[in-house]
Amino acid sequence: MMADFSRTRRIGEQMQRELATLIQQQIKDPRLGMVTVSAVEVARDLSHAKVFITVFDDKQEIAVSLDILNRASGFLRHELARSMTLRTVPALRFVYDESMARGNELSRLIDEAVKSDKQHDE
């Protein structure tokens, strides 16, 4: 069972690298914002994969970028099949990864708290 987990993790990591390159080089839609593939979770049976992305634009760009990538998922899956040696390539579903935005917000709050503490000490 542990070997199965390790295999799906390795496949996910390889898919992450391949998808990052494919999105940057093959998707030519000008509406697509600055997108980074942050992680890929692959199901144990390799039937589907959840691709987490971060977008460095506003909320409207996130929705547009997700729509573009989910519409291009068939093309990206086909290109993955050409570059990876798997019997079946998982179906792709793109999801926004909120961890970066949450991390930035927490960092900002911590900076504000430290700044206010320094002002009170003076």
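Biologist: How far apart are D67 and R71 in helix α2?
Modeller: In this model, which is a predicted one, D67 and R71 both lie in helix α2, residues 59–71, and because they are four residues apart there, about one helical turn separates them.

Biologist: And what do their side chains do?
Modeller: The side chains of D67 and R71 meet in a salt bridge, with 3.1 Å from N to O. As a general point, side chains of opposite charge can pair when their charged atoms come close.

Biologist: Is R71 buried or exposed?
Modeller: R71 counts as exposed, because its relative accessibility is 69% and the cut-off for exposed is over 50%. D67, at 35% relative accessibility, counts as partly exposed.

Biologist: How many salt bridges are there by this rule?
Modeller: The count comes to five salt bridges, and another one of them joins the side chains of E79 and R82, at 3.3 Å from N to O. E79 and R82 sit three residues apart in helix α3, residues 73–83, so they are separated by about one helical turn.

Biologist: What about R108, which residues is it linked with?
Modeller: R108 belongs to a network of salt bridges together with E105 and E112. The side chains of R108 and E112 meet at 2.3 Å, N to O, and these two residues are four apart in helix α4, residues 99–121, so about one helical turn lies between them. R108 is partly exposed, with a relative accessible area of 37%, and E112 is partly exposed as well, at 42%.

Biologist: Last topic, which residues form the nonpolar patch on the surface?
Modeller: The patch is formed by M34, F56 and M100, with about 340 Å² of accessible area together. M34 is found in the loop between α1 and β1, and it counts as exposed because its relative accessibility is 56%.

Definitions and conventions. Residues numbered from 1 in each chain as written. Predicted model: local features only at pLDDT ≥ 70, side-chain atom pairs only at ≥ 80, totals over all residues. Heavy atoms only, no water. Patch = residues over 30% accessible without salt bridge, like charges linked within 9 Å, V, L, I, M, F, W, Y side chains within 5 Å. Areas by Shrake-Rupley, 256 points an atom, 1.4 Å probe, with all protein chains shown as cover. Salt bridge = Lys/Arg side-chain N within 4 Å of Asp/Glu carboxyl O. Buried < 20%, exposed > 50% of the residue type's maximum accessible area, 1.4 Å probe, protein only.
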